[in-house]
Protein chains: 2
Amino acid sequence: MKLTALLNDCQQEINGFLTDIIAARQAPSSQLNKAMHYALVLGGKRVRPFLTLQIATLCDAPPALARRAAAAVECIHAYSLIHDDLPAMDDDVLRRGQPSCHVAFDEATAILAGDALQALAFELLSQPEPQARAAQQLAMVQYLAVAAGDKGMCGGQALDLEATARQLNQSQLEQVHQHKTGALIRAAAQLGVLAGADEAQRYLGDFDAYAGYLGLAFQVQDDILDVTSSTEALGKTQGSDLNANKATYVQLLGLDGARSEVKALHQKALHALARIPYNTLVLEKLAESLLTRDH
Amino acid sequence: MKLTALLNDCQQEINGFLTDIIAARQAPSSQLNKAMHYALVLGGKRVRPFLTLQIATLCDAPPALARRAAAAVECIHAYSLIHDDLPAMDDDVLRRGQPSCHVAFDEATAILAGDALQALAFELLSQPEPQARAAQQLAMVQYLAVAAGDKGMCGGQALDLEATARQLNQSQLEQVHQHKTGALIRAAAQLGVLAGADEAQRYLGDFDAYAGYLGLAFQVQDDILDVTSSTEALGKTQGSDLNANKATYVQLLGLDGARSEVKALHQKALHALARIPYNTLVLEKLAESLLTRDH
């Protein structure tokens, strides 16, 4: 099966179970659930849950646990985008070509929808699962919580906010991205392994390294596309990062330098995969597809 | 020991371990950690972690797990207050007599500090604990996640926002409070039991009922104090709920009716305690102290 078809199938599956999860909530505020649903199924490439599901399959994880892990990671991702887009943060009215959550609803509902999606992630991971050990699920909670919090994604966001006023060098910019986006992409991979069989755990570090390089390369590629792609293809305002005076890899390394960086990180990701004795062809293709994309 | 002394000791202990937790973070953004610390140790009566610790002791929980559970509950509480006070939500510049987090820092940092405190709660609950079973910790994660999310606190906040425009009846107002504040107070009690010994689990429902009645009574008392107490004693703007045109128990039941309601709920809380064969004197005194407070 070609990667595009596999990604499409996976997107359908993920959209399906995310929609089912929200539809089954029976929570008191239907408005809040609408906003959660809106943000969750707004689209996107579903790279994170795809990673979780693919790695979980390679690691022989119980399918139900793998799906809940993938959904949990996407809940964290979706909540972070809602809060990112808020007027007090990046103040972005477009997300994936659609009105941002706070535009489609209102700011208060958007804040709460983000908050509730974060709680939902941990609810999903901690639901009793007959085919898994509690220690395994607890480790998944721990990894996701660390990746999402001040040592991970939120910490990266805070660094990013602090950085708008001053010029970062490459290692500082890397630190921002390793926390802001890298931590959650790594957690997506880690959770796939942690959901899996005992013997797969020895490759946790290799899957993690793959995801780390992939995440960083993805970010460099994002910076490249921010200057080379159109607003329409991007689904967000073209050049918005440059306009906001944010440090980018293109600014630091030039367009060619940034492209070389993507290639170097891509190679490192492939080397990490080569250490894993499973059929990681889909993950190789995923890296290739993400790092040669034009939108 | 008198309750006041016990509460004071407990406040000191809780402030101590909350401060230690933040000090040990080694997270990339010191500004974010300052905001988390500011919001966590701003003061407050620490009713929720007190409940967790007292009930955990009665249920023979490992002290380290009880402390982490108490801290986790307080992290969720602190994050909810930060987000509540935001301009897009209740727009409150004072919290416990001090500048709200977004006033002391800025809005973006306050949003992130709230987000990171929620993640920290789940990180604390999922840290490997030699004296506990993973299934026990996983249940704690599950209860707290449900209490914090769209079926609990966030759902209640959303209901509360929707309610500002229209007149609620008593059962609708109860629904708001049972979600907005009740869910987390109940979770504080539930986590204390869940952290405890197997034989204590049969009283989960009774401790839960006690906390549910206590939480609701506390809220009715809050509405009473909102009209009878001064801004100085309250640490927030006096009459702020009435001014915001929010439904309150005083508005629905009158001052005397609201006072009778507090007494009735207080009795129900005591009846729930009477079903528990442990020494629950401190919990009785806590109810008395909270429901006869004048600020």
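These legends describe close-up views of a predicted model.

**View 1. The contact between chain B and chain A.**
Chain B brings 48 residues to the contact, and chain A brings 48 residues as well. Together the two chains bury about 4000 Å². Carbon and sulfur atoms account for 69% of that area. Three residues stand out on the chain B side: Pro28(B), Leu138(B) and Asp150(B). They supply 17% of the area that chain B buries against chain A, more than any other three residues.

**View 2. Polar links across the contact, and the chain B elements behind them.**
Between chain B and chain A there are 18 residue pairs in polar contact, counting pairs with both residues at pLDDT 80 or more. Six helices of chain B each give two or more residues to the side that touches chain A: α2 (30-40), α4 (63-85), α6 (107-126), α7 (134-148), α8 (153-163) and α9 (170-194). The top contributor is α6(B), with twelve residues. By class, this side of chain B has 27 nonpolar, 14 polar and seven charged residues.

**View 3. Salt bridges between the chains.**
The count between chain B and chain A is two salt bridges. In one salt bridge, the side chain of Asp150(B) meets that of Arg25(A), at 2.7 Å from N to O. A network of salt bridges links Arg25(A), Glu123(A) and Asp150(B). Asp150(B) is also one of the three residues that supply 17% of the area buried by chain B against chain A.

**View 4. Arg95(B) and Asp85(B).**
The structure holds 18 salt bridges over all chains. One of them pairs Arg95(B) with Asp85(B), whose closest N and O atoms are 2.9 Å apart. Arg95(B) sits in strand β1 (residues 94-95) of chain B and Asp85(B) in helix α4 of chain B, so the pair ties together parts that are ten residues apart in sequence. Asp85(B) is buried, at 3% relative accessible area. Arg95(B) is partly exposed, at 21%.

**View 5. Asp198(B) and Arg133(B).**
This salt bridge brings the closest N and O atoms of Asp198(B) and Arg133(B) to 2.9 Å. Both partners lie in loops of chain B: Asp198(B) between α9 and α10 (204-228), Arg133(B) between α6 and α7. The pair therefore ties together parts that are 65 residues apart in sequence. Asp198(B) is exposed, with a relative accessible area of 53%. Arg133(B) is partly exposed, at 43% relative accessibility.

**View 6. Lys180(B) and Asp160(B).**
Lys180(B) and Asp160(B) form a salt bridge, with 2.6 Å between the closest N and O atoms. The pair links distant parts of the chain. Lys180(B) belongs to helix α9 of chain B and Asp160(B) to helix α8 of chain B, 20 residues apart. Lys180(B) is buried, at 16% relative accessibility. Asp160(B) is buried too, with a relative accessible area of 13%.

**View 7. Cysteines without a disulfide.**
A search of the whole structure finds zero disulfides over all chains. For Cys75(A), the nearest cysteine sulfur is that of Cys154(B), 13 Å away. A disulfide needs the two sulfur atoms within 2.5 Å, so Cys75(A) and Cys154(B) form none. Cys75(A) is buried, at 1% relative accessibility. Cys154(B) is likewise buried, at 1%.

Asp91(A) is not a glycine, yet its phi is positive, near 50 degrees. Asp91(A) lies in the loop between α4 (63-85) and β1 (94-95) of chain A. Its relative accessible area is 46%, so Asp91(A) is partly exposed. In chain B, Gln26(B) also has a positive phi, of about 50 degrees, without being a glycine. Gln26(B) lies in the loop between α1 (3-23) and α2 of chain B. At 78% relative accessibility, Gln26(B) is exposed.

**View 8. The surroundings of Asp206(A).**
Helix α10 (residues 204-228) of chain A holds Asp206(A). Asp206(A) is buried, at 15% relative accessibility. Leaving aside neighbours within four places in sequence, Asp206(A) is in contact with Ala272(A), Arg275(A) and Ile276(A). Asp206(A) and Ala269(A) are 63 residues apart in sequence, while their C-alpha atoms are 9.2 Å apart in space.

Methods. Residues are numbered from 1 along each chain as its sequence is written. Chains are lettered from A and ligands numbered from 1 in the order in which they are written. This is a predicted model: local features need pLDDT of at least 70, side-chain atom pairs count only at pLDDT 80 or more; totals for chains, interfaces and linings use all residues. Side-chain values use heavy atoms; hydrogens and water are left out. Contact means heavy atoms within 4.5 Å. Buried area is the accessible area (1.4 Å probe) that two parts lose on being put together, summed over both. A salt bridge is a side-chain nitrogen of Lys or Arg within 4 Å of a carboxyl oxygen of Asp or Glu. A polar contact is a pair of N or O atoms within 3.5 Å; within protein, one must be able to donate a hydrogen and the other to accept it, and residues adjacent in sequence count only if both atoms are side-chain atoms. Helices (H or I, at least four residues) and strands (E, at least two) are DSSP runs, numbered from the N terminus. Ala, Val, Leu, Ile, Met, Phe, Trp, Tyr, Cys and Pro count as nonpolar, Asp, Glu, Lys and Arg as charged, and the others, Gly among them, as polar. Buried means under 20% relative accessible area, exposed over 50%, partly exposed in between (1.4 Å probe, protein chains only).
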